Amino acid sequence: MATISYVSTVQKSTQSVESKVLARVIRRGRGVVVVPSDFFDLGSRGAVDLVLHRLVGKGRLRRLARGIYDYPVAHPDLGSLWPSAEAVARAIAGRDNIRLQPAGAYAANLLGLTEQVPAKVVFLTDGPTRNVRIGPTVIQLRRTTPRNMAVAGRLSGLVVQAFRHLRRENVTPDRISRLKRTLPAAERRALVRDIKLAPSWMHQILRELAEG
C-alpha cells in the first residue's frame, strides 16, 4: 500500500509540473524555443526532462535537437514552421550561459544589406565551437576573440560583422543610405563609442553612418 501511495504521489507531482510547464510555454506563445533549464524552478531536472518528453509525445512540443524544443507555429498550408535562428540562439545562450553575435551573411541579412538567406547561420561566441542543425538550417557557433565579443549584442557588433562579410568595396553609399533610413538615429549615434573596436577601414564609414 505504501508503494502504491508513493507512486500516486510522484504521478501527481509530475502532472503538476507538466501543467505548469505547458502553461508557461503557451503564455510565451507560438514560435518560442525552450530548453530544460527554463523550467528548473518548477521541478527537478528529472521531472522536467520527463515532462518535456511527454509533451513531445503528445504533440504539444517539438524536439529540435538534444535539449532544445519549440512550440511550433502552425501554417495552414506548410504545416509546422521552423523557428528563427535568432530564437534558437537565444535559447542556447541562456542555457549555456554564453554570448552570441550574428556574423557573416546572416548579419548582413538581418540589417537588410543583402537578400541572401544563408543555409548556414553563423554566430560568434565566447563558448565552444559547434554546429546545431535545426530542420534545413545549420547554426554554427564559432568561438572567437574577446575583442570580437566586446560588442556582442549591440548594433555596432552587428554592423561590424555585416561589413566584414561584405568587404570594404561592397560597403557602398547606397547601403549606407539604406542603414540611415532603417536604423533609429539614436542607435546609429551610439556606434561612435565602439569605433575603436572596429577594423581601421571601417572607422570613417561608422562615423558617417552615425551622422544625420
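**Strands and surface**

Analyst: This is a predicted model. Strand S7 (residues 120-125) is mostly covered, with five of its six residues buried.

User: How many bridges join S7 to strand S9, and do they run parallel or antiparallel?

Analyst: Six bridges join S7 to strand S9 (residues 137-143), and the two run parallel. Within this pairing, valine 121 stands opposite isoleucine 139 in S9.

User: And what about S6 and S7, parallel or antiparallel?

Analyst: Strand S6 (residues 100-103) pairs with S7 in the antiparallel sense, over four bridges. Here alanine 103 is opposite valine 122 of S7.

User: What holds paired strands together, in general?

Analyst: Strands of a sheet pair through backbone hydrogen bonds.

User: Switching topic. What is the order of strands in the open sheet of three?

Analyst: The order is S1-S3-S2, with antiparallel pairing. Strand S1 (33-34) and strand S2 (62-65) each have a single partner strand, so one side of each has no neighbour in the sheet.

User: Which residue is the bridge partner of valine 33 in S3?

Analyst: Aspartate 70 is the partner of valine 33. S1 and strand S3 (residues 68-70) are joined by two bridges.

User: Now the surface. Which residues make the nonpolar patch?

Analyst: Val73, Leu78 and Leu81 make a patch of about 240 Å².

User: Is leucine 78 buried or exposed, and where does it lie?

Analyst: Leucine 78 is exposed, with a relative accessible area of 63%. It lies in the loop between strand S4 (74-75) and strand S5 (79-80).

User: Last one: what sits over the ring of tryptophan 82?

Analyst: The charged end of arginine 62 does, 4.4 Å from the ring's centre.

Methods. Residues numbered from 1 in each chain as written. Predicted model: local features only at pLDDT ≥ 70, side-chain atom pairs only at ≥ 80, totals over all residues. Heavy atoms only, no water. Lys NZ or Arg CZ within 6 Å of the ring centre and 35° of its normal. Patch = residues over 30% accessible without salt bridge, like charges linked within 9 Å, V, L, I, M, F, W, Y side chains within 5 Å. Areas by Shrake-Rupley, 256 points an atom, 1.4 Å probe, with all protein chains shown as cover. Salt bridge = Lys/Arg side-chain N within 4 Å of Asp/Glu carboxyl O. Buried < 20%, exposed > 50% of the residue type's maximum accessible area, 1.4 Å probe, protein only. Pairing = 2+ DSSP bridges.
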